[in-house]
Amino acid sequence: MNKQRLATFLQLLLGLGLLAYIFHRLDQQGELASLRQAFHDAAGHGRLLLLGVSATGVCLCIGTVRWFLVLRAQGFALSIRQVVELYFIGQFFNVFLLGATGGDVVKAV
């Protein structure tokens, strides 16, 4: 197994481990039933759910293009693929771990 495949495997394993930990904590705190109910309620409003997911996707795309333009204006020569990767890594950290500015710190690093 080459280094790239090993790194991908370890990233996948870490991601699955984090998800398992999150769901385990939700179950321990009795919040998993609330999450299930929220998903059940959302499934009953398919059009609104689709609209919300679509709007989120559009906002993420606009944010990625904005980040690309800012980086280019600052003299960083990154491909759009690299910017997309950095942007989504930053979004992950904004949402799940370090708070509102944590993702920006991670993108900067």
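**Pockets and overall fold**

The largest pocket has a volume of about 280 Å³. A pocket is an open set of points on a 1 Å grid over the protein atoms alone where a 1.4 Å probe fits, with protein on both sides within 12 Å along at least five of seven lines; the volume is the space filled by probe spheres set on the points, which are joined across faces, edges and corners. The model is predicted, with local features requiring pLDDT of at least 70 and side-chain atom pairs pLDDT 80 or more, while totals for chains, interfaces and linings use all residues. Residues are numbered from 1 along each chain as its sequence is written, and side-chain values use heavy atoms, without hydrogens and water.

Lining residues (an atom within 4 Å of a point) of the largest pocket are Gln11, Leu14, Gly15, Leu18, Leu19, Tyr21, Ile22, Phe92, Phe96 and Leu97. The lining comprises 8 nonpolar, 2 polar and no charged residues, where Ala, Val, Leu, Ile, Met, Phe, Trp, Tyr, Cys and Pro count as nonpolar, Asp, Glu, Lys and Arg as charged, and the others, including Gly, as polar. The second largest pocket, of about 160 Å³, is lined by Gln11, Arg81 and Glu85.

The chain contains 5 helices and 0 strands, assigned as DSSP runs (helices H or I, at least four residues; strands E, at least two) numbered from the N terminus. Of the 109 residues, 11% are buried (under 20% relative accessible area, 1.4 Å probe, protein chains only).

Note on methods:
Buried < 20%, exposed > 50% of the residue type's maximum accessible area, 1.4 Å probe, protein only.
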